[in-house]
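Hi,

Here is the structure I promised to pass on. Could you have a look when you get a moment?

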Amino acid sequence: MNQDLSGDSKEYPLLPLKELIIFPHMVVPLFVGREKSITALEASVKNGNELFMVAQKDASILSPEREDVYEIGTIVNVIQMLRLPDNTVKVLIEGRQRARMTSFRSDDRGIWAQIEECPSSVTRSVELEAATRGIKNTFEQYVKLNKKIPPELLMSISSIDDPSRLADIIVAHITMKLDEKQEILEAINVEDRLKLLMEKMQGEIEIINVEKKIRSNVKTQMEKSQKEYYLNEQMNAIQKELGQKDDAKGDILEMTEKLAKKDMPEEARDKVEKEIKKLKMMSPMSAESAVVRNYVEWMLALPWNEVTEEDHDINQAQIVLENDHYGLRDVKDRIIEYLSVRTLLKDPGRGTILCLVGPPGVGKTSVAKSLAEAAGRSFVRISLGGIRDESEIRGHRRTYVGAMPGKIISALKRAKKSNPLILLDEIDKMSSDMRGDPASAMLELLDPEQNKNFVDHYIEVEYDMSKVMFIMTANDINGIPGPLKDRMEIITVPGYTPYEKLQIAKNFLLKKAIKNNGMDDYPIRINDKTFMSIITNYTRESGVRSLERKINTVIRKIAAGVVTKKIPIGKKYSVSTTQLKDYLGPAVFDRTDIETEPQVGLVNGLAYTPVGGEVLHIEVITVSGNGKLQITGKLGEVMQESAKAALSYVRAISDRLKIGPEWYDKHDIHIHVPEGATPKDGPSAGIALATALTSAITGIKVRQDIAMTGEVTIRGRVLPIGGLKEKLLGAKQSGIHKVIIPKKNEKDLLEVPDEIMSGMEILPVSTCEDVLKQVLEIADPAEFMKVVGLSVVQDTPEESIKVAN
């Protein structure tokens with residue numbers, strides 16, 4: 001804290017100092033070169049060898065004015081002055097007293113200032129004594145840490161009793177900034193000066209301790225590095241003496257050579273170069289070295305700009321598809337269209353992404369393989385079934401132990417080309433959990449606008465996926481998330497008809513089974529009747545996987561007989577229907593499970609399953625009770641609601657069925673769909689449920705040579721359904737040749753193959769009343785309609801659609 005100044009004002013010559021502050025009792029040699037400063041020295045001789053020295057605020061100013069120098073400075077005594085040959089003056093000065101400048105005068109000869117001396121008297125107190133001792137102890141710590149200060153200085157410091165002189169001598173030996181020293185010079189009060197100086201010294205001590213710690217750490221690290229270097233050099237020398245090759249250096253050299261030859265983007269090249277430099281500096285035995293080495297090997301193994309020349313011969317593509325697959329006309333046509341569009345597009349990476357949807361075993365994966373062959377691309381399959389971690393698609397970050405790229409980047413490495421056909425198999429089987437949603441990660445990958453900048457978490461640089469042809473497969477389209485479905489074109493791969501299965505078995509499966517089982521030297525013949533027996537009695541599927549297994553079983557049985565009986569090469573074998581029991585055992589599926597006589601409460605519905613269409617038996621019984629409805633057979637929520645809607649419809653027409661309201665209060669109704677372990681759902685059994693309920697309540701029998709499908713409303717209207725082709729095929733395979741369908745599904749009959757329609761009678765209906773008229777065992781359907789009042793009687797009943805055998 002500054003105190004009021006006392007004493008008379010006196011004019012002194014002024015010498016401004018650059019980057020230097022003179023304290024009282026401080027002896028310093030100076031070299032003076034500015035003319036005005038030399039004038040001030042010469043004038044000091046006339047002033048009792050005294051002059052006033054004050055620091056400049058800005059050392060770059062050559063001719064300072066009043067505002068360019070501080071207000072507080074020091075009156076000094078000139079002890080010795082010597083003029084040098086270069087016109088500079090060497091002077092030895094000693095600080096005498098703090099002083100304040102009250103006026104400033106500058107002319108051509110020099111600078112003068114009116115000065116008032118600051119009081120130097122000290123009032124002794126306990127606080128001042130404590131501050132004095134504290135400053136001595138702190139300075140002793142500082143001297144021990146700062147080797148630049150001679151230890152002898154402590155001896156002289158300890159003998160000083162004047163606190164003001166003590167502070168001024170100590171501050172001259174402390175490393176501080178100019179403004180900090182000026183702050184201490186301006187502290188006129190001795191106690192304040194000591195406290196300020198102690199605060200500055202303690203800050204310097206902390207800085208010195210931190211510097212010492214840093215130097216120690218650096219020294220330790222350097223010693224460790226030198227030790228590792230020395231040991232590595234020794235190891236290299238030992239390996240050289242033993243004749244062993246330096247594998248680490250050889251690997252790095254090999255990586256550098258591969259990088260020089262690799263065609264890759266600049267971003268990826270710069271990344272690999274940095275990693276190789278880092279690898280050179282590492283010990284080959286360190287864990288980090290293995291991580292970096294693995295990363296560089298992955299980056300060099302990826303086919304960045306290596307492409308396969310695409311084959312645009314559409315005629316050849318048609319030949320490949322026809323040779324590899326029978327039927328699937330719509331699928332083949334769509335693939336040819338797809339290839340044609342990609343041929344015409346200048347940027348083929350922006351083509352449509354296809355998704356093949358269909359039941360298992362219908363050839364979705366083999367179609368994708370044929371597409372790759374037709375396009376002249378490498379083929380890689382990625383199974384997505386059960387994937388629930390986003391990192392499986394995008395890769396793991398290198399911070400994790402054992403990190404690897406995702407399945408997409410790994411597939412490109414296997415393909416060795418940057419434009420392969422990647423089959424994403426079972427995309428509907430992906431799921432999500434706390435580790436992320438892989439379906440969301442697929443959105444960027446399958447978007448032609450975004451996948452050119454795909455970034456895998458492991459490789460950490462952009463990879464252009466726009467050249468990759470992506471094909472997906474799925475069994476259930478409902479299992480594909482909406483945003484993902486929006487990025488692809490769905491191609492439905494339908495199940496095969498028995499005729500198509502027969503042709504596939506004759507032309508593909510039998511030849512493949514003979515080759516795989518080593519029976520090329522033994523001609524084997526299986527006639528059409530035997531194939532159809534295998535198809536109908538031993539398999540029930542939309543595809544041909546089970547059929548292929550059964551044919552393989554037959555061939556293996558023959559092969560076992562050939563080996564055990566030592567049959568000579570060239571013997572011919574012919575498999576008949578009667579021999580199937582010996583090869584395959586008794587028939588697995590009995591097509592005679594359809595009732596031959598009309599039944600009460602039993603109706604043949606039709607269901608569409610992942611393996612094709614099947615007949616769905618619906619049973620209803622009524623028992624004495626109190627009006628409860630029981631539904632069994634593991635029915636889904638939609639099918640249970642359909643049953644309730646059908647019951648509501650039947651109750652609405654109870655008066656016309658001559659069933660009183662009290663009947664429902666005295667009876668329980670039980671609806672059951674057999675094969676209770678199999679989940680069932682959907683609304684398409686609505687008319688079958690309504691028919692079964694009507695039959696069970698009225699006691700009227702239902703014809704068993706008719707199957708039906710259609711959704712029913714509580715007002716009795718019949719709504720359209722899906723999977724018509726598969727349901728008709730299921731009915732025909734079960735021996736039913738008359739099927740009731742919704743009238744609004746008539747248009748779908750055009751897409752049903754002729755071999756399915758052959759021999760079938762299709763009965764389109766619009767209302768549930770039409771269904772009851774067709775299937776209930778009543779003497780006169782027209783009279784029944786009048787009595788029941790189900791609808792207005794038509795003069796001409798609606799004709800059915802009949803197809804001749």
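Start with Asp-168 and Arg-98, whose side chains form a salt bridge at 2.7 Å, N to O. Asp-168 belongs to helix H4 (residues 163-171) and Arg-98 to strand E5 (residues 89-106), so this pair ties together parts 70 residues apart in sequence. Both partners are buried: Asp-168 has a relative accessible area of 1%, and Arg-98 has one of 4%. Do keep in mind that this is a predicted model.

The next one sits within a single helix. Arg-334 and Glu-337 are three residues apart in helix H11 (residues 329-344), which puts about one helical turn between them. Their side chains meet in a salt bridge at 4.0 Å, N to O. Here Arg-334 is buried, at 16% relative accessible area, while Glu-337 is partly exposed at 44%.

Then there's a helix-to-helix case. Lys-512 and Glu-548 make a salt bridge, with 3.2 Å between the closest N and O atoms. Lys-512 is in helix H17 (residues 498-516) and Glu-548 in helix H19 (residues 545-565), so the bridge ties together parts that are 36 residues apart in sequence. Lys-512 counts as partly exposed, with 43% relative accessibility, and Glu-548 is also partly exposed, at 21%. For Glu-548, the cut-off matters: buried means under 20%.

And which residues are linked in a network of salt bridges? Lys-271, Glu-275, Lys-278, Arg-398 and Glu-460 are. The count for the structure comes to 32 salt bridges.

Cheers

Note on methods:
Residues numbered from 1 in each chain as written. Predicted model: local features only at pLDDT ≥ 70, side-chain atom pairs only at ≥ 80, totals over all residues. Heavy atoms only, no water. Helix = DSSP H or I, 4+ residues; strand = E, 2+ residues; numbered from the N terminus. Buried < 20%, exposed > 50% of the residue type's maximum accessible area, 1.4 Å probe, protein only.
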